[in-house]
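My notes follow in the order I took them.

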Amino acid sequence: MADASRIVPISGGYHVWTRRLGESPVKLLLLHGGPGFNHEYLEIFAEHLPPNGIELYFYDQLGSYFSDQPDDPSLWTVDRFREEVEEVRRFLGLGPFYLCGQSWGGMLAIEYALHYPDAVKGLIISNMTASVESYVRSVNRLRDQLPRELVDVMKRYEAAGQYDAPEYQEILMNHLYRKHLCRLDPWPEPVLRAFAHANNQVYNVMQGPNEFVVTGNFKDWDRWDDLHRLPMPTLLLVGQYDTMAVEDIEEMGRRIPRSRVAVCPNGSHMCMWDDSQAYFGALLGFIRSVEAGAEV
């Protein structure tokens, strides 16, 4: 069976884009981050999963570049996206499957797995902690490690709501994003493409102005006390230089009953790119162990 794109009809009369690569009884659906980004920055998964016997499904969530992009801020909620994942799963006919979510996609994967645990054979939470409060604490700690004059400049622009100011954007990109989002120089072309194609309405409604200022509608999201309800084998992936705190991910590992934690020693928030050997080694090892029936 050849690789194939399929347009999935979802509630509200909208349509979302998916693409299958490979053919195998072992199937993985990938949830991208953002919110409002798309699958493009995760194209590196195609180099590692199908060649290793895993049927991979890329999927652009509603509002993302290859899917419908309605101008309706009321659509951008965690609950609606969770139900969208279930509609996509049913349409694609995925039985017990592996669900991998990166960043915002990791939050969405946690939500889906809590509501539809029987559908998930194995859960991969990539570069996401269990609450937005934990994330905000972590990124502010990273920012406070910058020289005091840079932090003061950032806070001055934030107080004025001038997030697009060139000086503010320069500090954000060169002193934070290049250290903690992706450490490769230059950034990979698929990552740049995904940034260029981002839907800022979705991002701003749910997240806020940028990675370091969270004012959107998921700012109070917190699942720390629910992690023990995840029954499936779970892999937690994090980069040593991630915007997520390694210690938070390790605490998640202690709370999720059947879990393992993999820290990518040279990786950032996009450690699938800047520490791909460690990242995909851990991911493939996890799937192989679940398939073999080994206890995680």
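**Overall build.** I counted secondary structure and got 11 helices and eight strands in the chain. I took helices (H or I, at least four residues) and strands (E, at least two) as DSSP runs, numbered from the N terminus. The model is predicted, so I read local features where pLDDT is at least 70 and side-chain atom pairs at pLDDT 80 or more, while totals for chains, interfaces and linings use all residues. Residues are numbered from 1 along each chain as its sequence is written, and side-chain values use heavy atoms, with hydrogens and water left out.

Next I checked the dimensions. The C-alpha trace spans about 55 × 40 × 35 Å along its principal axes.

I then looked at burial. Of the 296 residues, 59% are buried. Buried means under 20% relative accessible area, exposed over 50%, and partly exposed in between, with a 1.4 Å probe and protein chains only.

Contacts came next, meaning heavy atoms within 4.5 Å. Among contacts with a separation of 6 or more, 72% join residues 24 or more positions apart.

**The record.** I looked up UniProt. The unreviewed entry annotates residues 28-275 as "domain: AB hydrolase-1". UniProt positions are given in the numbering used here, feature names are shortened, and annotations may be inferred rather than shown by experiment. Over residues 28-275 I find 40% helix and 14% strand. The end C-alpha atoms of that stretch are 21 Å apart.

**Annotated residues, one by one.** S103 sits in the loop between β5 (97-102) and α3. S103 is not a glycine, but its phi is positive, about 60°. Is S103 buried or exposed? S103 is buried, because its relative accessible area is 9%.

D242 lies in the loop between β7 (234-239) and α9 (246-255). D242 is buried as well, at 3% relative accessible area. Beyond its neighbours within four places in sequence, D242 contacts N127, L142, H180, G267, S268 and H269.

I followed that list to N127, in the loop between β6 (120-126) and α4. N127 also has a positive phi of about 60° without being a glycine. N127 is buried, with a relative accessible area of 0%.

I ran a grid search at 1 Å over the protein atoms alone. A cavity is a set of points where a 1.4 Å probe fits but cannot get out; a pocket is an open set with protein on both sides within 12 Å along at least five of seven lines; lining residues have an atom within 4 Å of a point. Points are joined across faces, edges and corners, and a volume is the space filled by probe spheres set on the points.

How many cavities of 30 Å³ or more does the whole structure hold? The search finds one. The largest cavity has a volume of about 110 Å³. Its lining has 14 residues, with S103, M128, Y135, Q207 and F218 nearest the centre. Both α3 (104-115) and α4 (132-143) supply at least two residues of this lining. By class, the cavity lining has nine nonpolar, four polar and one charged residues. Ala, Val, Leu, Ile, Met, Phe, Trp, Tyr, Cys and Pro count as nonpolar, Asp, Glu, Lys and Arg as charged, and the others, Gly among them, as polar.

The largest pocket holds about 480 Å³. It is lined by 24 residues, and F37, Y177, F195, Y203 and E211 lie nearest its centre. α6 (166-180) and α8 (200-206) are the elements that give two or more residues to this lining. The largest share, five residues, comes from α6. I sorted the pocket lining into 13 nonpolar, nine polar and two charged residues.

**Cis peptides.** G34 and P35 are joined by a cis bond, omega about -5°. P35 is in the loop between β3 (27-31) and α1 (45-48). The bond from D185 to P186 is also cis, with omega near 0°. P186 lies in the loop between α6 and α7 (189-196).
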